[in-house]
Amino acid sequence: MYGLIIENMTEYIKATYGEDKWEEIRRAAGVDQPSFSTHQVYPEGLIPRLSKKAVQILKVSEKEFFDQMGVFFIGFVSQYGYDRVLSVLGRHMRDFLNGLDNLHEYLKFSYPRMRAPSFICENETKHGLTLHYRSKRRGFVYYTMGQIREVARHFYHKEMKIELVREELLFDMVHVTFQLTFDNRAFTLASLTMTREEKHLPISASVLFEIFPFCIVFGSDMVVRSIGNSLMVIMPDLLGKKITNWFDLVRPLTAFKFSSILNRTNNIFELATVEPILNDKPIDRQELVLSDELDAFNDEKNLRLKGEFASMLKPEFIGFHQWGRINEHVRPILGTEMIMFDAITELDFNLIPQLESEMK
Ligand code: HEM
């Protein structure tokens, strides 16, 4: 795990209980290092080891410890300028929550080895929503609750009640369900605007295919009905086949089913081909639309696509339109589809300079 989270823990202990307590915990846990670098990756066992000793020495519950560590995080990351990132995640708390999954996706530019948590919103009403948190890590449930409550308080001046509804373990993944109760009147406004805009913005399929050369249209049976021009060059056999036989869903951490995609138009999805696509049959490279894709194409033999899903006019069809090949430069990925979603557009504009300077 990246040092950012471990450093947050050490700073939280120092600020709340004093340097001496931190030294005591560190020694008891058998950790030699006094501090950690934010962008360095440390063993996964470090936080569990330190936190186990911390709750014993500080005489607090695990719940209290992690919750407060999550609250502390929001102030802690401001020293690295991340408060700016968090504050542009959307005008309302609902925008922030709907963009939470995408936040860690963007952060992968700065933390490429990140095993990012995944967040999905559901059952939204004007009184709150259900938030699903999925992770390959255990032990961060109360940390997450503290973080979200503090974001609501700090950036949106809202009191939020978070109830832990369920915690399940599915193979190597934790699936946590939270019920968030807060003043979410913005939801009603947003749904009204959306309906009006949708009515006035019809767009023909041929235009879509031209704009999104890697787009995939499939029905509720998951069978692919149409594909964009570039994908047609690379994977012509995909047409008429089940998308699930050809692609794995890498992110968000959810089942690759029509019903689980339908209401998740706010998420950035990442697909990867099940099989390497460079096989015996050489691809006619002249036909690839974007020339700088060739290098990226050679780097990874499995094609990885990133983009969004949108339901088409025919309600039983879903379209996946890509933002760009995953290993393209940042600007084309962020720039190609800015018109699609407000919250993402706002985030993109503000993140571009920061992402670029971090990448230098
Ligand atoms: C701009 C602010 C943020 C930054 C820079 C950031 C960065 C990170 C990093 C580097 C990790 C470690 C991942 C790894 O090493 O594999 C992480 C983990 C995590 N982040 Fe964030 N994060 C931010 C905001 C948030 C917010 C607002 C939440 C709210 C829920 C959140 C929830 C989590 C959780 C729950 C984990 C760790 C547990 C897991 O893997 O499930 N983060 N974050």
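How many nonpolar, polar and charged residues does the shell around the ligand have? This is a predicted model, where local features need pLDDT of at least 70, side-chain atom pairs count only at pLDDT 80 or more, and totals for chains, interfaces and linings use all residues. Residues are numbered from 1 along each chain as its sequence is written.

**View 1. The shell around the ligand.** By class, we get 17 nonpolar, 4 polar and 2 charged residues here (Ala, Val, Leu, Ile, Met, Phe, Trp, Tyr, Cys and Pro count as nonpolar, Asp, Glu, Lys and Arg as charged, the others, Gly among them, as polar). Tyr2, Tyr82, Pro117, Ser135 and Phe140 come nearest of the 23 residues around the ligand (near: C-beta atom, placed from the backbone, within 6 Å). Helices H1 (3–17), H5 (82–87), H6 (93–107) and H7 (141–156) each give two or more residues to the shell (helices are DSSP runs of H or I, at least four residues, numbered from the N terminus). H7 gives the most, with 5 residues.

**View 2. Where H2 meets H3.** The contact pairs Lys21, Glu24, Ile25 and Ala28 of H2 with Leu50, Lys53, Ala54, Ile57 and Leu58 of H3 (in contact: C-beta atoms, placed from the backbone, within 7 Å). By class, that's 6 nonpolar, no polar and 3 charged residues.

View 3. pLDDT, the predictor's confidence in each residue from 0 to 100, averages 79 over the chain, and 74% of the residues score at least 70. Residues 280–299 stay under 50, with 17 contacts beyond four places in sequence in the model. Residues 323–356 also stay under 50, and there the model has 48 such contacts.

Definitions and conventions
Two residues are in contact if their C-beta atoms, placed from the backbone, lie within 7 Å.
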